[in-house]
Amino acid sequence: MDYLKQFSLEGKIALVTGASYGIGFAIAKGMAKAGATIVFNDINQELVNKGLEAYKAEGIDAKGYVCDVTNEEQVNAMVKQIEAEVGVIDILVNNAGIIKRIPMTEMTAAEFRQVIDVDLNGPFIVSKAVIPSMIKKGHGKIINICSMMSELGRETVSAYAAAKGGLKMLTKNICSEYGAYNIQCNGLGPGYIATPQTAPLREEGHPFNSFIISKTPAGRWGQPEDLVGPAIFLASDASNFVNGHILYVDGGILAYIGKQP
Ligand code: NAP
Ligand code: GCO
């Protein structure tokens with residue numbers, strides 16, 4: 001058995017949501033280098049065009065679609081268009097996400113709902129749209145981008161933690177409901193990664209910056225590239241008997257009580 005071949009994504013079509021930049025872009029780029037055909041969406045044409053230029057610069061012939069993952073009509077139309085233009089989606093990475101950092105008692109219900117809508121309803125809607133064709137095809141891989149906040153809370157991120165905690169359980173439920181159809185649904189739980197989403201936390205002198213570095217045994221912020229190998233593993237035949245698992249890629253944060261002051 002050529003075990004390395006198990007990690008190849010040759011011949012596979014991967015949809016990565018919200019992948020014009022950040023973690024989604026890094027994962028899509030890595031999957032392309034592993035042989036996958038990349039399709040991605042983002043919320044507006046400007047971002048899709050930005051993503052297309054970035055993929056082209058990496059020599060990747062990706063296809064981009066304007067689609068809001070919270071809009072079921074748009075998602076269903078996008079999946080149908082992808083199936084007609086490219087083919088049936090083999091790998092789905094539910095990456096698109098937002099965060100609002102607001103103390104809970106100051107957060108409006110609308111703001112809370114908006115985070116839940118993108119970070120939890122979105123993965124539900126997109127997964128629901130791709131699973132039927134995966135069943136027909138006889139296999140599928142779904143990777144939900146979870147978070148440290150799938151396990152831990154902290155001040156100001158109540159909506160995000162509720163969404164990412166729910167996404168952990170949605171992952172386990174898709175595993176439970178569709179594992180019999182050779183669909184593996186796993187979570188990827190990044191630690192603190194240097195992307196636009198965490199840029200406010202990494203500003204010069206921001207106390208959170210030194211806090212995270214002290215809480216991470218690796219002693220550094222993660223880079224989007226740190227997630228690529230684990231994502232390829234979860235998207236490949238190498239993980240065909242891994243299901244309902246949340247793979248944390250956090251430099252050891254979840255294992256560590258923290259440095260003695
Ligand atoms: P990011 O830089 O903010 O990128 C998120 C992407 O999703 C953006 O392209 C964004 O477009 C898109 N998006 C937002 N709402 C959307 C919608 N309704 N429909 C379609 N696309 C939408 O975030 P990131 O840091 O790369 O994070 C990517 C994922 O990893 C998120 O799920 C995040 O929760 C998760 N995560 C991040 C970290 C971290 O430390 N960075 C750690 C753990 C988990 P816009 O530019 O228009 O918003
Ligand atoms: C925050 C950060 C985190 C990261 C990530 C950690 O404000 O605490 O944005 O939530 O985005 O989810 O895994």
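How far from an oxygen atom of ligand 2 does a polar side-chain atom of Arg-154 lie? The distance between a polar side-chain atom of Arg-154 and an oxygen atom of ligand 2 is 2.6 Å, a polar contact being a pair of N or O atoms within 3.5 Å. Ligand 2 also has an oxygen atom 2.7 Å from an N or O atom in the side chain of Gln-197, and a polar side-chain atom of Tyr-192 lies 2.9 Å from an oxygen atom of ligand 2. Of the 330 Å² that ligand 2 exposes when taken alone, the protein buries 96%, as computed by the Shrake-Rupley method with a 1.4 Å probe.

This is a predicted model, in which local features need pLDDT of at least 70 and side-chain atom pairs count only at pLDDT 80 or more, while totals for chains, interfaces and linings use all residues. Residues are numbered from 1 along each chain as its sequence is written, chains are lettered from A and ligands numbered from 1 in the order in which they are written, and side-chain values use heavy atoms, with hydrogens and water left out.

Turning to ligand 1, a polar side-chain atom of Thr-195 lies 2.5 Å from one of its oxygen atoms, whereas the backbone supplies polar atoms from Ile-193, at 2.8 Å from an oxygen atom of ligand 1, and from Ile-23, at 2.9 Å from an oxygen atom of ligand 1. On its own ligand 1 has 880 Å² of accessible area, and the protein covers 91% of that.

Terms used:
Polar contact = N/O pair within 3.5 Å; in protein donor to acceptor, adjacent residues only side chain to side chain.
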